[in-house]
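The sequence and structure come first.

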Amino acid sequence: MNPPAGQCVDGANIRLAPVAHPFQLFNTLTRKVENVEPLVPGQLTFYSCGPTVYSFAHIGNFRSFLTADLLVRTATALGYDVRYATNITDVGHLTEDDVTDATGEDRMARALRSREGQQFANVWDLARYYADELISDWKHLNLREPSVRPRATEHMREQILAVQELLDRGHAYETKQGVYFSVASFPGYGSLSGNLDATTLEQSVRDVVSDPEKKDARDFALWKKDDAHLMQWYSPWGWGFPGWHIECSVMAMQYLGDEIDIHAGGEDLIFPHHECERAQSEALSGKPFARYWVHTRFLQVEGKKMSKRSGNFHTVRDLLASLEKGGRGVDPLALRMTLLAGHYRKPYNFTFDTIRAHTRHRERLTEALRAVNMDPMDAAQGAGTSDPASMGSFEPLYDRALAAMSDDLNTPEALAVLFEGVKRILSASPGLSRDEQNQAAAWLHGMNRLLGVVYPEHEGAQEPSATQQDDTHIDELIEERQKARAEKDFARADAIRGELTALNIEVMDSPDGVRWKRKTTF
Ligand code: AMP
Ligand code: ZN
């Protein structure tokens with residue numbers, strides 16, 4: 001099916017790419033790269049599992065969220081009308097959630113007891129705070145806002161009704177400790193993860209669950225009875241809280257329908273989360289749930305699994321915050337570019353060397369924006385056209401980038417095309433005609449819509465914020481230095497330059513005026 005002309009998720013009209021690229025993705029369910037054929041031609045429904053908000057999101061989480069973002073951007077650029085839902089898990093889940101029937105301690109409850117947790121009045125407060133911070137990181141890294149961002153705690157009624165319906169349909173049973181999904185009642189269980197036979201499935205459940213009334217070791221919890229839990233709701237089975245998997249089934253179906261096109265998450269979610277989600281949804285609707293399942297490989301840092309103990313654990317917050325605030329002062333879009341430099345299905349090793357290299361690429365991109373008369377900070381406001389027809393000789397470069405992204409989100413190839421175009425702009429500049437500048441500008445806008453690394457798109461994301469420095473003081477110093485130079489007070493001008501150097505600011509004098517940048521500090 002050829003994608004239709006349509007509207008972007010952000011509302012801007014775009015023309016279809018001159019060559020309609022088939023949108024191809026690797027489908028975990030079939031273990032093949034497939035052409036995406038949505039249920040309703042031209043429309044794409046997409047659900048991506050969001051974070052559990054018990055602390056700041058780390059760069060691994062954002063590797064998975066970025067895959068979702070790039071999928072939306074690519075589908076939109078191809079002309080699909082995308083409806084995109086991503087949730088916030090603000091109840092539970094348990095520390096042993098990587099086993100089908102979660103045991104262990106509730107992550108939120110544990111976070112509340114931690115040193116950082118002491119500042120919150122209660123667990124609801126803690127969840128709200130980290131959910132807001134997540135959205136702030138989301139904007140700094142230029143991720144598109146989803147069409148809907150539902151929260152688990154705001155869909156408790158629907159979750160309880162879904163559990164009741166599974167009981168009514170004979171797919172679930174109640175014990176003294178909770179309500180369980182009966183895996184034996186759903187023959188397709190195991191086909192997503194490939195854990196097809198009961199023995200393999202039982203082996204992948206590392207912990208044997210302690211409920212003696214459970215009928216089958218594979219069965220997983222839909223509801224936990226617990227009247228001592230910090231977050232509890234009243235249900236037909238008494239006070240308690242839902243199992244982790246049911247929230248995504250319920251919210252995906254409520255906002256996108258019983259059958260959705262694409263479902264995504266990190267590779268750890270294949271089993272048990274997505275396997276269980278699929279079983280619940282299909283048992284509820286009797287229809288196939290998601291047609292394509294997309295999973296992102298885990299990010300490694302400096303060659304190792306990211307962990308606090310190895311000292312290689314980085315939240316987005318820590319990397320972006322200024323040195324003064326104890327952070328590393330990384331440019332948000334350099335971080336985004338670093339994360340998307342590796343293909344989402346391949347192992348990717350994140351290092352400070354890769355951030356340094358991408359910080360240099362970002363600087364060149366900023367120079368390219370200036371060369372085509374765009375203010376890097378205001379580019380989103382004066383967004384201009386990104387219609388491929390107005391890109392002139394840059395159009396083939398756009399087309400190649402779109403072809404790469406349509407080919408199972410080949411970000412390394414798309415970035416290589418971006419760097420090629422930047423090189424072309426910079427080597428022709430100054431000396432670009434007005435027409436060429438406009439064409440290159442349209443291309444840069446188009447590339448930003450596709451990859452989101454050229455300039456910040458969210459209003460306020462470039463403003464000084466909790467994570468960024470206030471530049472007013474630097475601007476004042478630069479102005480004062482200019483004044484001193486104009487008055488030939490060179491001693492004063494040099495002293496100010498020294499002050500700026502101490503603040504880690506590099507000043508660059510050029511015939512077009514003075515520019516400055518922060519020196520990298522990592
Ligand atoms: P969580 O908050 O643990 O539910 O995780 C939110 C999302 O981040 C899920 O899709 C996880 O699969 C994903 N995720 C967690 N750690 C990593 C990692 N190191 N690399 C890539 N994705 C990850
Ligand atoms: Zn989920």
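Predicted model: local features only at pLDDT ≥ 70, side-chain atom pairs only at ≥ 80, totals over all residues.

**Ligand 1**

There are 16 residues around ligand 1, and T52, G60, S64, D268 and L299 come nearest. By residue type, the shell around ligand 1 divides into 5 nonpolar, 9 polar and 2 charged residues. Helix 1 and strand 12 (260-266) each supply at least two residues of this shell. The largest share, 4 residues, comes from helix 1.

Polar contacts to oxygen atoms of ligand 1 involve T52, G266 and D268. In T52, a backbone N or O atom lies 2.9 Å from an oxygen atom of ligand 1. G266 likewise places a backbone N or O atom 3.0 Å from an oxygen atom of ligand 1. For D268 the contact is made by a polar side-chain atom, 2.3 Å from an oxygen atom of ligand 1. The protein covers 90% of the 490 Å² of accessible area that ligand 1 has on its own.

**Salt bridges**

The count of salt bridges in the model comes to 24.

| Pair | N to O distance |
|---|---|
| E213 and K176 | 3.6 Å |
| D353 and R356 | 2.8 Å |
| R497 and D509 | 3.7 Å |

E213 forms a salt bridge with K176. E213 lies in the loop between helix 5 (198-204) and strand 9 (220-225), and K176 in the loop between strand 7 (172-174) and strand 8 (178-181), so this pair ties together parts that are 37 residues apart in sequence. E213 counts as partly exposed because its relative accessibility is 34%, and K176 counts as exposed because its relative accessibility is 69%.

D353 and R356 also form a salt bridge. The two residues are 3 residues apart in helix 10 (residues 352-371), so they are separated by about one helical turn. D353 has 54% relative accessibility and therefore counts as exposed. R356, with a relative accessible area of 26%, is partly exposed.

The side chains of R497 and D509 meet in a salt bridge as well. This pair links distant parts of the chain, with R497 in helix 15 (residues 490-502) and D509 in strand 17 (residues 505-510), 12 residues apart. R497 is partly exposed at 31% relative accessibility, and D509 is partly exposed at 38%. Elsewhere, salt bridges that share partners join D69, R73, R144, R336 and E457 into one network.

Note on methods. Residues numbered from 1 in each chain as written. Chains lettered and ligands numbered in written order. Heavy atoms only, no water. Near = heavy atom within 4 Å. Polar contact = N/O pair within 3.5 Å; in protein donor to acceptor, adjacent residues only side chain to side chain. Areas by Shrake-Rupley, 256 points an atom, 1.4 Å probe, with all protein chains shown as cover. Nonpolar A, V, L, I, M, F, W, Y, C, P; charged D, E, K, R; others polar. Salt bridge = Lys/Arg side-chain N within 4 Å of Asp/Glu carboxyl O. Buried < 20%, exposed > 50% of the residue type's maximum accessible area, 1.4 Å probe, protein only.
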